[in-house]
Amino acid sequence: MASLFSGMATILGGIFGDTVTITPNGQPPREIQGILREEPLEVLDQEGVSVSTVSIWLKAQRLDVADLRRGDLIVALSGIQYRYVSKLPSGSPAEDAFVTISLEKA
């Protein structure tokens, strides 16, 4: 059954995203469309003091990144290299649904 949200990730990725090169372990690199961002984030340290850090994440279509695992390489269009840390599904039932992948600089 068609959903109102079917195709939305493809449209949003095309508008806000860039080409990203991913290299799943043991496979050749390939290019996908994704939205990669580095955003400032305030967190609390062990004493409860607010500390600034950076949250790095990639939003990509679920099927494009289904074979990525912890430690796999992601390279931004700028050439900056990141490593896959974890994945958070969106909960959308759409075939092209986004997942958010937490990254760290390589």
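Which residues touch the most other members of the largest nonpolar core? In this predicted model they are Leu58, Val65, Ile74, Ile101 and Leu103, out of 16 residues in that core. A nonpolar core here is a set of buried Ala, Val, Leu, Ile, Met, Phe, Trp, Tyr and Cys residues joined through side-chain atoms within 4.5 Å. Buried means under 20% relative accessible area, exposed means over 50%, and partly exposed lies in between (1.4 Å probe, protein chains only).

A word on the ground rules: residues are numbered from 1 along each chain as its sequence is written, and side-chain values use heavy atoms, leaving out hydrogens and water. Because the model is predicted, local features need pLDDT of at least 70 and side-chain atom pairs count only at pLDDT 80 or more, while totals for chains, interfaces and linings use all residues.

**The barrel**

Six strands close into a barrel in the order β1-β2-β3-β6-β5-β4, with antiparallel pairing. Neighbouring strands of this sheet are turned by 50 degrees against each other on average, direction ignored; the axes behind such angles are lines fitted to C-alpha atoms. Strands are DSSP runs (E, at least two residues), numbered from the N terminus, and two of them pair if DSSP finds at least two bridges between them.

| Strands | Bridges | Facing residues |
|---|---|---|
| β1 and β2 | five | isoleucine 22 and arginine 30 |
| β2 and β3 | eleven | glutamate 38 and isoleucine 56 |
| β3 and β6 | six | tryptophan 57 and serine 102 |

Between β2 and β3 the hairpin has five residues, and glycine 48 takes a positive phi near 85 degrees there.

Strands β1, β2, β3, β5 and β6 each supply at least two residues of the core. Setting aside neighbours within four places in sequence, valine 65 is in contact (heavy atoms within 4.5 Å) with Ile22, Ile32, Ala60, Lys87, Val99 and Ile101.

**A proline in a loop**

Proline 24 lies in the loop between β1 and β2, and is buried, with a relative accessible area of 1%. Beyond its neighbours within four places in sequence, proline 24 is in contact with Arg30, Asp67, Leu68 and Asp72.

**A charge over a ring**

The charged end of lysine 59 sits over the ring of tryptophan 57, 5.9 Å from the ring centre; this asks for NZ of Lys or CZ of Arg within 6 Å of the centre and within 35 degrees of the ring normal.

Terms used: Helix = DSSP H or I, 4+ residues; strand = E, 2+ residues; numbered from the N terminus. Axes fitted to C-alpha atoms, helices over the stretch in contact; angles between N-to-C directions.
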